[in-house]
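Here's a quick briefing on a structure for you to explore alongside the viewer. Take a look, then follow the points below.

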Amino acid sequence: MAKDITTRSENYSQWYNDLVKKADLAENSAVRGCMVIKPYGYAIWEKMQATLDKMFKETGHTNAYFPLFIPKSFLSREAEHVEGFAKECAVITHYRLKKSPDGNGVVVDPEAKLEEELIVRPTSETIIWDTYKNWIQSYRDLPILCNQWANVVRWEMRTRLFLRTAEFLWQEGHTAHATKEEAEAEAKKMLEVYADFVENFMAIPVIKGVKSPNERFAGAIDTYCIEALMQDGKALQAGTSHFLGQNFAKAFNVQFLNKENQLDYVWATSWGVSTRLIGALIMTHSDDNGLVLPPNLAPIQVVVIPIFKNEEQLNLIREKIEPFVKQLKEKGISVKVDDDDSKRSGWKFNEYELKGVPVRVVVGPRDLENNQAEIARRDTMTKETVPFDTLAGTIENLLAEIQKNIFEKARAFRDSNIRTADSWDELVDILDNKGGFVAAHWDGTVETEEAIKEKIKATIRCIPLNNKLEDGKCVLTGKPSKQRVLFARAY
RNA sequence: CGGGAUGUAGUUCAGUUGGUAGAAUGCUUGGUUUGGGACCAAGAGGUCGCUCGUUCGAGUCGAGUCAUCCCGACCA
């Protein structure tokens, strides 16, 4: 459990990469910058999807699907938006191949050039607003509360498994409202949904805040975000919710007649979280034995490992474990009984620890005699023996306790890594030697924000919601400031 | 697109002044094992990224080329 930020951060990239591969979550693909999510990793994503989807439905949203391809002209309608994404777009120029003249393989057919190039969506605001235009005429058509589960492509120069890949999976919500107040409330509500999900299901503590102008989504009026802290002291943006104002409605000419019979532009929000959250999960909870999964998201919550020398013994154990495995399943707990005799039990212990399975139950001849089982918890790596008849109940409680414990552990770590700096030297010293978030005064200008980023590679992660106001001086310029903002080096 | 490095067995990597292609791990088979990543034996597995050059002879030296990784810039 290397908790020392400075020692761990040196090899953190390597450690992270190895873990993703060893735990069987994902691997690099033949296509540069793209990732293969393996079954175990995808199972985690499916659990995240199911939970989020339920939360979206409970807040009145429905799912829809929009095209993968966006006409180039759509992207350029909103000036800031195009500038924000232009440098990382995959562009489709042709629609057909033909046999190579030299007989080897195929070449792009020059005659099949598209009149207008298509962009593989880096995000769907433009295609969706072009569609919404046809859906909205009256205030009675509003609000529209749609979510889409999709893949998007952002052609990044440097990629890392889960954290930044050329293609990634996400959900993007796009809502249309009759009033500014309603749209702002929606953006804030979805931020709360994200914070609830990330903290209570993923056990990752987050800071809710609003982005500074420089970090804002391209085309947004306000970007609300949740920021998490990784074990190497770097921050990670875990989710964003944007209040888009009327920018996209104006760009795509989406107007409606309001109750006063006046033509008005629609107010918009968009919000999204991605497979990047799996990266956050790994970097928040894992230790030197491998992954640590919060019980709420673990594809396998309990693994049962029988220890046996022959078929006869295994049958006795099977008979004994059957009742509590059934009880656990009835409680909705996912259980895997691993009685594969081609792997030794010691090997299995390590394997399931590496994969982060929260609870392990071991039953061998010794336990049959004493009518008990050994249970081991992944978060603390401790073991205890429990009588068979109380096993199911004990495990149910233990899963809840593990969920709580890893969240509290992560929160304690995060809280102990939020520091205040009152001078430039102090800010630099903390970032270089300790990492974490640094609360410091900033004069509120984009120039200063950029200058700080340029000098020390740290960005303003957010201005926390409910930030308390206090007078101070900007750490860089010395100009007056009304509140502290959170700086960090980030992924 | 700048700076650096690396391409050898499925994987991770050795390979000396140029002279028969190596290890670990994984895989297959058989046996002994099985309460914290077992052991023994046998076996399969290679166009040394590609091209050209130097040489009697190139994994090794030279030139070119392609690819990948790392550090920047960009970013969820």
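Lys457 sits in the loop between helix H15 (446-456) and strand E24 (459-464). Helices (H or I, at least four residues) and strands (E, at least two) here are DSSP runs, numbered from the N terminus. This is a predicted model, where local features need pLDDT of at least 70, side-chain atom pairs count only at pLDDT 80 or more, and totals for chains, interfaces and linings use all residues. Residues are numbered from 1 along each chain as its sequence is written, while chains are lettered from A and ligands numbered from 1 in the order in which they are written.

- Lys457 counts as exposed because it has 10 C-beta neighbours inside 10 Å.
- What do the labels mean? A residue is buried if 20 or more other C-beta atoms lie within 10 Å of its own, exposed if 12 or fewer, and partly exposed in between, with C-beta atoms placed from the backbone.
- Asp24 also has a positive phi without being glycine, this one near 70 degrees.
- You'll find Asp24 in the loop between helix H2 (12-22) and strand E1 (26-28), and it counts as partly exposed because 15 C-beta neighbours are inside 10 Å.
- Leu142 and Pro143 are joined by a cis peptide bond, with omega about -5 degrees.
- Pro143 belongs to the loop between helix H6 (125-135) and strand E9 (144-153).
- For background, most residues other than glycine have a negative phi, and most peptide bonds are trans.

**Around the RNA**

- RNA strand B is surrounded by 35 residues, and the closest are Met157, Gln237, Gly346, Gly364 and Arg366. (A residue is near a molecule or strand if its C-beta atom, placed from the backbone, lies within 6 Å of it.)
- Strand E13 (235-245), helix H11 (345-354), helix H12 (365-370) and strand E20 (372-377) are the elements that give two or more residues to this surface.
- Which element gives the most to the surface near RNA strand B? H11 does, with eight residues.
- By type, the surface near RNA strand B has 16 charged, 10 polar and nine nonpolar residues. (Ala, Val, Leu, Ile, Met, Phe, Trp, Tyr, Cys and Pro count as nonpolar, Asp, Glu, Lys and Arg as charged, and the others, Gly among them, as polar.)

**Domains and a helix**

- Chain A is split into domain 1 (5-285), domain 2 (303-401) and domain 3 (418-488); such bounds come from an automatic or database domain assignment.
- Between domain 1 and domain 2, the C-alpha centres lie 40 Å apart.
- Helix H13 (residues 391-415) has 25 residues and reaches 35 Å from its first C-alpha to its last, close to the 36 Å expected at 1.5 Å a residue. (That expected span is 1.5 Å times one less than the number of residues.)
- Among the buried residues of H13 are Leu391, Phe407, Ala410 and Arg414.

**The core and some buried residues**

- The largest nonpolar core has 123 residues, and those with the most contacts inside it are Ile204 and Ile226. (A nonpolar core is a set of buried Ala, Val, Leu, Ile, Met, Phe, Trp, Tyr and Cys residues joined through C-beta atoms within 7 Å.)
- Not counting residues up to four places away in sequence, Ile204 touches several others, including Val198, Ala238 and Ala410. (Two residues are in contact if their C-beta atoms, placed from the backbone, lie within 7 Å.)
- Leu236 lies in strand E13 and is buried, with 22 other C-beta atoms within 10 Å.
- Residues up to four places away in sequence aside, Leu236 touches Ala228, Met230, Ala280, Ala490 and Tyr491.
- Leu291 is in the loop between helix H9 (276-285) and strand E17 (302-306). Is Leu291 buried or exposed? Leu291 is buried, because 25 other C-beta atoms lie within 10 Å.
- Phe248, found in helix H8 (residues 247-251), is buried too, with 27 other C-beta atoms within 10 Å.
- Leaving aside neighbours within four places in sequence, Phe248 is in contact with Glu78, Glu125, Trp129, Gly219 and Ala268.
- Phe248 and Leu354 are 106 residues apart in sequence and 46 Å apart in space, C-alpha to C-alpha.
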